[in-house]
Amino acid sequence: MVIDRSRYFTRSLLKWYRQYGRALPWRETSDPYRIWLSEIMLQQTQVTTVLSYYHRFLSTFPAIQDLAAAPLDKVMKRWAGLGYYARARHLHRAAKVIVEKFDGRMPKSFEEIISLPGIGRSTAGAILTIAFGQRWPILDGNVRRVLCRYFLIDKDPKRKEVEAWLWDHSERLLPKRGSDIYLQGIMDLGATICTPKRPQCTICPVNKGCVAYGEGVQEVLPVKGAQKEVPHFNHVAGVVLDDERGVVIRRRPLKGLLGGLWEFPGGRVDSAIEKEQHENSLKTLLGTEMEFQIEVTHQWMQIRHAFTHFRMTLHVFICRKKKEKIDRSTKYQWIPIEKLGDYAFSSAHQKIVTKLSEEGHRPHLPQEGFEPGV
């Protein structure tokens with residue numbers, strides 16, 4: 001029997017979702033703000049990770065007005081640990097725009113909503129469809145994977161012409177009524193059944209129309225572009241201590257990796273140098289920006305962390321504040337150790353904060369004249 005694949009897909013998906021769709025907190029509300037927040041948090045992040053952050057974020061910022069009025073530091077602190085921190089900065093900026101330009105209400109037109117920081121075509125479509133009952137397609141990672149397998153697209157989905165085809169079919173599959181249910185259904189299908197590895201094709205509600213499943217090639221789709229080797233970099237950080245003033249931290253620039261987060265001063269070092277030279281590299285890095293001289297006493301801990309595009313080993317040293325200089329810098333702040341929990345750090349630097357704050361794990365500063373190994 002020849003089936004209409006598109007009609008079969010939509011009807012089967014709607015029927016399946018009504019019976020097996022996941023019960024998630026953002027599906028129990030019609031508040032556009034909460035739906036928007038969930039869509040931003042779910043970008044490149046699994047539902048199980050998002051759940052606790054979603055509730056915690058809303059307990060602090062229950063409405064758009066609360067988010068817009070909050071200082072960025074407070075927003076970043078609530079986001080800390082969720083990763084992809086540009087999302088939090090864009091969310092904060094967008095909330096301010098909504099309050100200032102749209103009287104605190106999420107705009108309902110595609111042109112207005114996509115103009116907000118951090119909202120692209122797919123996110124705009126999801127918000128407008130789910131929150132306002134409109135009919136807009138989406139093409140996130142889950143939808144892209146489902147469509148590539150269902151229609152057997154054996155070309156790189158990131159190619160311009162392939163992406164255009166996927167957008168076109170994503171829109172064609174939308175039902176005239178119940179598009180909000182359909183979108184949530186296809187996202188659930190990709191997240192729970194049509195997964196990146198070991199898809200559960202035998203229980204998939206649309207397997208009878210899936211070309212990739214019929215030909216047994218579902219696990220090799222979507223086609224991946226050329227994979228780049230993941231580089232490894234060494235970084236150093238100094239925990240600069242003073243008995244009276246606490247410890248030095250600095251804020252990263254708002255633009256770029258981990259923008260707006262706080263960290264212990266340091267930076268990336270030449271990968272070619274030996275581990276024994278990391279201390280000298282730290283002295284050089286800190287010597288150019290501190291208003292005082294420092295003494296590096298010893299290496300305290302080593303942290304390994306993986307980012308999206310590279311891996312890092314962070315070598316952490318305990319340092320002592322020494323002689324004051326004439327010039328002064330505003331790149332950093334002295335913070336009491338017990339107050340570090342008020343600041344948002346990246347996951348790697350948060351491990352330093354945790355160890356500093358643990359009872360019995362505050363680093364001991366050697367007496368003046370200490371020499372490692374003596």
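**Helix, strand and core in a predicted model**

Modeller: Thr 10 is found in helix H1, which covers residues 5-20, helices (H or I, at least four residues) and strands (E, at least two) being DSSP runs numbered from the N terminus. This is a predicted model, in which local features need pLDDT of at least 70 and side-chain atom pairs count only at pLDDT 80 or more, while totals for chains, interfaces and linings use all residues. Residues are numbered from 1 along each chain as its sequence is written, and side-chain values use heavy atoms, with hydrogens and water left out.

Biologist: Is Thr 10 buried or exposed, and what is its relative accessible area?

Modeller: Buried means under 20% relative accessible area, exposed over 50%, and partly exposed in between, with a 1.4 Å probe and protein chains only. Beyond residues up to four places away in sequence, Thr 10 touches Leu 173, Pro 175 and Tyr 182, where contact means heavy atoms within 4.5 Å. Thr 10 is buried, because its relative accessible area is 10%.

Biologist: Which residue in E7 does Val 248 stand opposite?

Modeller: Two strands pair if DSSP finds at least two bridges between them, and E2 and strand E7 (residues 332-335) pair in the antiparallel sense over four bridges. Of the six residues of strand E2 (residues 246-251), five are buried, so E2 is largely enclosed by the rest of the structure. The residue in E7 that stands opposite Val 248 is Trp 334.

Biologist: What is the bridge partner of Leu 241 in E2?

Modeller: Strand E1 (residues 232-242) pairs with E2 in the antiparallel sense over two bridges, and the two strands are joined by a hairpin through three residues. In E2, the bridge partner of Leu 241 is Val 247.

Biologist: And what is the bridge partner of Arg 251 in E3?

Modeller: Strand E3 (residues 262-263) runs antiparallel to E2 and is joined to E2 by two bridges. In E3, the partner of Arg 251 is Trp 262.

Biologist: Which residues have the most contacts inside the largest nonpolar core?

Modeller: A nonpolar core is a set of buried Ala, Val, Leu, Ile, Met, Phe, Trp, Tyr and Cys residues joined through side-chain atoms within 4.5 Å. The largest has 104 residues, and those with the most contacts inside it are Trp 36 and Phe 264.
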